[in-house]
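Me: I'd like a close look at one single part of this model. Pick a residue, tell me what surrounds it, and then follow one of its neighbours further in.

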Amino acid sequence: MAIRIVRLGSDRTADEGPRIGTVRRPPRGVPKTQFARQNWYDVWYPMLAPSAATIKLGQQASDDAKWAIFAKRYRAEMAQADAARTIELLAALSHHANFSVGCYCQDESRCHRSVLRALLKERGAALAR
């Protein structure tokens, strides 16, 4: 059992389980009835997405120092009570079920899901690679 960190819209693996979309907005131009069918996500959970202001920081991070500022801000947002409890819940569930969390970004190393991966790992989640 484990959590997969995925790019939303990518092909699913056989044992991936349900996808949780940790994005602020649904995919553009895709009918709601097609989200799961087109491999976007099964459940939309924007609580684990960075705020709009923090997303801008990440999108403008042209070097490691600016990316570190983004990561610090996103970590602070995820330390808020509701988000922190959600991360704890996902970490606990990862030992009993397969599921995935993801975002649209092509490069995970410059995406909030890389920070989310670290946060889940820090809380003892079972992570698939």
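Reply: Let's take Asn39, which touches Leu8, Gly9, Ser10, Asp11, Arg12 and Arg19, leaving aside residues up to four places away in sequence (contact means heavy atoms within 4.5 Å). Keep in mind that this is a predicted model, where local features need pLDDT of at least 70 and side-chain atom pairs 80 or more, while totals for chains, interfaces and linings use all residues. Numbering runs from 1 along each chain as its sequence is written, and side-chain values use heavy atoms, without hydrogens or water.

Asn39 sits in the loop between strand S2 (19-21) and strand S3 (43-44); strands are DSSP runs of E, at least two residues, numbered from the N terminus. Asn39 counts as buried because its relative accessible area is 17% (buried is under 20%, with a 1.4 Å probe and protein chains only). Its side chain also makes a polar contact with the side chain of Arg12, at 2.8 Å (N or O atoms within 3.5 Å, one able to donate a hydrogen and the other to accept it; sequence neighbours count only if both atoms are side-chain atoms).

Now follow Arg19, another residue that Asn39 touches. Arg19 stands opposite Ser100 in S4, and S2 and S4 pair in the parallel sense over three bridges (pairing takes at least two DSSP bridges). S4 pairs in parallel with S1 too, over five bridges, with Arg7 opposite Cys103. Phe99, Val101 and Cys103 point one way from S4, Ser100 and Gly102 the other. Five of the five residues of S4 are buried, so the rest of the structure largely encloses S4.

Definitions and conventions:
Helix = DSSP H or I, 4+ residues; strand = E, 2+ residues; numbered from the N terminus. Buried < 20%, exposed > 50% of the residue type's maximum accessible area, 1.4 Å probe, protein only.
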